[in-house]
Amino acid sequence: MMSRPRSYLGRVVVPALSILLALLVAYVLIIVSGLIGTEKKFDLLLPLVAYRSLLVGAFGNFKGISNMIVAATPLMLTGLAVGVGLKAGLFNIGATGQVLMGGFAAALVGVAVADTSPTFAIPAALLGGMLAGGLAGFIPGFLKAYTGAHEVVTTIMLNALIQLAVSGLVNDVFRAPGFSFARTSSMGNATLEGLGATTLHLGVLFAVVCIPLSYWLLWRTTVGFEIRAVGANPTAALYAGMKPRRMMILTMSLCGAFAGLAGAIEIQRLGYYPAVFGTSIGFDGITVALLGQSNPIGIMFSALLLGAMRAGAPLMQIQARVPVEIIDVIQGVILIFLAAEIVVRRIFRLRTPADTGGLQTITRTYGEKVVG
Amino acid sequence: MSVEQSPPRLQMRGITKRYPGVIANNHIDLDIKPGEIHALLGENGAGKTTLMNILFGLARPDEGEILLDGEPVQITDPADAISRGIGMVHQHFMLIPVLTVAENILLGAETMANPIFLDRREARRRIIELGKRFGFEVDPDVKVETLSVGWQQRVEILKALYRNARILVLDEPTAVLTPQETVEIFSVLRRLAAEGHSIIFISHKLYEVLEIADRITVIRRGEVVGTREPSKTNEEDLAALMVGREVQLAVDRGISHPAEPVLTVENLRVKSDRGQEEVRGVSFSVRAGEILGIAGVAGNGQDELVEAITGLRRTSGGTVQLAGQDITNWDVRNRREHGLGYVPGDRQKYGLVLGFPISDNLVLTRYYHRPFARGVQREDAAIEKWAQEKIKEFDIRTPSWTVPAGTLSGGNQQKVIVARELSRDLKLLVLDQPTRGLDVGSIEFIHKQAIHKRDAGTGILLVSAELDEILELSDRIAVMYRGEIVALVDGRPAANKEEIGLLMATGGRTPVSATADPSLEEKHHDVTP
Amino acid sequence: MDLLFDIPVLGFILQFLVYLVNVIVNGHIAPIILGLATPIALGALCGVMNERSGIVNIGIEGMMLFSAYIAFMTALLVHQSFPAERSVLFGMTPALIMGVIAAMAAGVLISLLHAWLSISVRADQIISGTIINITALGLTSYLNRLIKPFDSAGTFKSFQPPAALVNLPGVGWLIEMFTAVGPIVMSTIIFVIIVQVLLFRSRWGLRTRAIGEHPKAADTVGINVIQLRYRNVLLGGIFAGLAGAYLTLEATGSFQNNMTAGRGFIALAAMIFGRWTPLGAFGGALLFMGSQAIGVAIRLAPPAGDLGTFLGGIQQAYPSMYNNFFTGLPYLLTIIVLAGVVGRSVPPAADGRPYEKESST
């Protein structure tokens, strides 16, 4: 189809090489951490031990694989929350806050419908999460469209505000009695239980459906065409009779809804909302989207990759004594190599590449009012 | 005269510059004497700008050498060129709007009070003194953005003089000026030459180089095809040299058959982004089957007028009617649906999504219509078929319809827009700077398309900063000055160019300043060789 | 006065305003506001250095965080290896000084990454900044887990101005604000003034503004755009580094994961609020963080009267939300100010656009 660059291979090569290079950098880091960590010894094989346990943790058995898929599920959604925004020239780094909003709303709905049948309670809570997440996306979208306040700053501020507001509410208003820590009541039938002996749950389906849906939306519909046109050139979109402001708000709300769904799934897996709910899935979404080149298919694969890392990391920490935070470092290094695409291409003598689409718009709209 | 006896101040010998696929300069020889105004004449893309970039250190020649006062020199970068006394006034001014005149002039050649701080008082003094010497005093403390284009150009010249330039290159200096401002700048140039400065005057306008130059060197396709003196040549001779074939200087536009009005603008008022009223109570109408040209110096409200008519900008008063319907508050899409087509002035900003393939750009304004879409779902096969047809019909040179529009040449990009906008029934077509920066072939093609459309019964509103283009195509001409239409004249009998020029410059038929008095110009001309 | 206070709503607001003035003038919170504003002001200075040169830098948050960690660890290592007496002046030790220097170096180092990505590689500058934030967060959390420090090199001490000066009527609180502070706070004020003056009066400033507005014009008069951009981005790193050092070596004496908590972004908003001028940004920083200091003041010296009863009531009923409200005020103000000010406050024209020399054909 039309605006996609010609070769699929060309799209995959740079991300793959970035991952490879990042693993090499991590190799050195792990050796260093062996030196200064608790063991304090120089071990060239330590990284291999770490990588092996990472792999075993994620793919070693059925439990590992199911853990990986469960870890990847919200990442697909937050990846879409960032990636679809990028297509519209919006950089949604507020997935973290939208996740919290979604999770909190899902918990409220879930508690309210805890006693109804699961076929009603589960979708109702998920929907509540999506709507709340959508609202959390709507706010920065609206601010960007009508005041020019750039989403990169407003979403970060909202992340902090939402976290403060939600934890305050759980502590002061929705705190369930009888627990040693602040949390809401249980969600009963709205809880996403593991299927059989695994951690796999119904939420996986909802997330996986969003991938082809976004793909269809972006590439096969007129709405998607408008989203991409607004992202690539907002003034031309205005000239063509599209409504850039409306598209920005719509896209941000949609992104928020994806993230809200991710939050709902995570909270419904837990069965309640804890006042201290720390999760990295919001920020991981940025990595997933950039690594997946904002393409839904790419996002699915990078979510699986990152999910595998997250699922395998605990075993790695036990077996190789490498802190799980190494995953965050690897992510960062992957991103650096991705950004320095030209350099990666130079290292591996590849030809230079396609255009950047909505990316330019993100920086161009910085500090400026939006047209139209 | 002393001018004739001096050694050439600048010699360029055998300059050759190759770019992938083209030879921009092919063994070009050029010599400039002290006190000479030397015109470099050639079409867009003939290689004039490349040659001057080489002189200014912005590009390195592959072959050839440059001599200043007989000494061979290597010019490595602009700083080097400046230090050797070469000054350049670029076609797109290299001024920073938010900085003051003094800051712009100082930049890169700062007058310092000490190693850290600027000596602003001394700089002011020198700027005022230079201005006095050459007859144009400008307040060093105003911001450049508040100056008219003509004055900005003078600031550019001051910039070069402040750096003690002896060779001054002006790249298409009159492109943005009114005929009146052109007269003024010519008098400045003559004064500079009389003081011994050498001036290289780049242009593609024949009558101008005949008027100002002491000698004219014509460049075609990267080669010097002749050097002439104005007294021994004429427009036809120069045109033949420049284009390489006998050219028809005007397109045959045939006879128009205007019918009922399709666009009626009444007492329209429009504000700029900064809230200033840029269109102040404009009224006119465009009839079906005619071309109405809006002449005017850039920045006199044309942009805001066009944006208000096409729906990109809100009006603050008055009405716009399209074929009898009041569309003043309609959105862009509604206007398009009711028969408005629009070729925007800035094709890369408005007309195209450069990263999208040609096919998507060809349906950019129609993508939601059958057959390109069914419901919300795109019909890629139909879009592809349409693209292939249009590429053929409008002679868009491209390997494929999947190629991003950004990879096309300017002329082909404009053809994509023209193909999209003209390929449907229109009541009104707005053409804003339709041929800016294009090659002769594309200009001719687009002009013909416009006349076809007119003959098919579309009313056309043509806005162009090129007065020649307005004169060539328009059936009627409205002159816009400071947000008002100051005159509406018939474009049919070879309209009086000087008269329109005066209207563009002053808004009235009498000149406002003494320096614009042509009689003074004549006297001045007599004393210069 | 009391009569005015009895008017519904308006009286309430009056009471609050009177309380505010009172608490700022007599409550000794002026130095607290300045302290809270310092990392914001330093971050904004970093932003000014970058954006005036045409480089958008949203990685200030990450630069601060990384520098904060480096400052803390360097100071700790030096402290453990070479224990030393505290100096009378600001309680300085070689450890603390080395920590500050290391933090500035760390800031410059990350700036180099940003400069390279945005100027040479011409990657998207906002993506580049985000990557810096993600990487800094990951790396510091990783290292903080790997090496768990239980010790600390301590912090700089605030200067003790003579009590007579502080108690001067009318201006005493101002004197206290600018003197009863630590060395990094004091130097911040000096940096703000220096950069402000240089930006608008010096050759460097003129050229910097030029490359941020119209790099090509600067290029044609012989200014090396790339080099000057690099230099300014690296210099900006010093300020971000100093901001990090403030957090660990002057404000808290410890390092926590993600301790910058969005300050880098508030700094950007302060910069926009201040129209890309150091002084204006400093004002923005005071405004944003002043709101948080009020929360501190209310906790230390609760207002009396109806207002006090009202606030006390809320605090009783919703203790957690009450606290979070004051913590969140700067974030909320940032959004509000940003929404109100953008469009009226115009960024440098070439902000965010990589510069590439054209080769014309």
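**A walk through three chains**

C:Ile294 sits in helix 14 of chain C, the stretch covering residues 278-300. Keep in mind from here on that this is a predicted model. Is C:Ile294 buried or exposed? There are 21 C-beta neighbours inside 10 Å of C:Ile294, and the cut-off for buried is 20 or more, so C:Ile294 counts as buried.

Staying in chain C, let's turn to a helix pair. Two packed helices are described by the angle between their axes and the distance between the axes. Take helix 5 (residues 94-120) and helix 12 (residues 225-252) of chain C: their axes come within 6 Å and cross at roughly 140 degrees. An angle over 145 would have counted as roughly antiparallel, and helix 5 and helix 12 of chain C are therefore oblique to each other. The crossing of helix 5 and helix 12 of chain C is right-handed. As for what makes up the contact between helix 5 and helix 12 of chain C, its residues divide into 20 nonpolar, eight polar and one charged.

Over in chain A, helix 3 is worth a slow look. Helix 3 of chain A runs over residues 62-87, and at 1.5 Å a residue its 26 residues should span 38 Å; the end C-alpha atoms are 36 Å apart, which agrees. There is a bend along the way, though: helix 3 of chain A has a kink of about 25 degrees at A:Ala72, shortly before the proline A:Pro74. How many of the 26 residues of helix 3 of chain A are buried? The count is 22, so helix 3 of chain A is largely enclosed by the rest of the structure. Just past the end of helix 3 of chain A comes A:Gly89, with a positive phi of about 75 degrees.

Helix 3 of chain A also packs against helix 7 of chain A (residues 203-220), at an angle of about 25 degrees and with the axes 9 Å apart. Angles under 35 degrees count as roughly parallel, and that is therefore how helix 3 and helix 7 of chain A lie to each other. Their crossing is left-handed.

Chain B brings some backbone details. Helix 10 of chain B (residues 302-310) is mostly covered, with nine of its nine residues buried; among them are B:Gln302, B:Leu305 and B:Thr310. After helix 10 of chain B comes B:Gly311, with a positive phi near 95 degrees.

Most residues other than glycine have a negative phi, and most peptide bonds are trans. Against that background, B:Asn164 has a positive phi of about 60 degrees although it is not a glycine. B:Asn164 lies in the loop between helix 6 (149-162) and strand 7 (167-171) of chain B, and B:Asn164 is exposed because 11 other C-beta atoms lie within 10 Å. B:Glu172, also not a glycine, has a positive phi near 45 degrees. B:Glu172 sits in the loop between strand 7 and helix 7 (179-194) of chain B, and with 18 other C-beta atoms within 10 Å, B:Glu172 is partly exposed.

Finally, the peptide bond from B:Arg370 to B:Pro371 is cis, with omega near 0 degrees. You'll find B:Pro371 in the loop between helix 13 (358-362) and strand 17 (373-374) of chain B.

How values were computed:
Residues numbered from 1 in each chain as written. Chains lettered and ligands numbered in written order. Predicted model: local features only at pLDDT ≥ 70, side-chain atom pairs only at ≥ 80, totals over all residues. Helix = DSSP H or I, 4+ residues; strand = E, 2+ residues; numbered from the N terminus. Expected span 1.5 Å × (residues − 1). Bend = angle between axes of the 7 residues up to and from the residue. Buried ≥ 20, exposed ≤ 12 C-beta atoms within 10 Å, placed from the backbone. Axes fitted to C-alpha atoms, helices over the stretch in contact; angles between N-to-C directions. Parallel < 35°, antiparallel > 145°, perpendicular 65-115°, else oblique. Left-handed = near helix turned anticlockwise from the far one by under 90°. Nonpolar A, V, L, I, M, F, W, Y, C, P; charged D, E, K, R; others polar.
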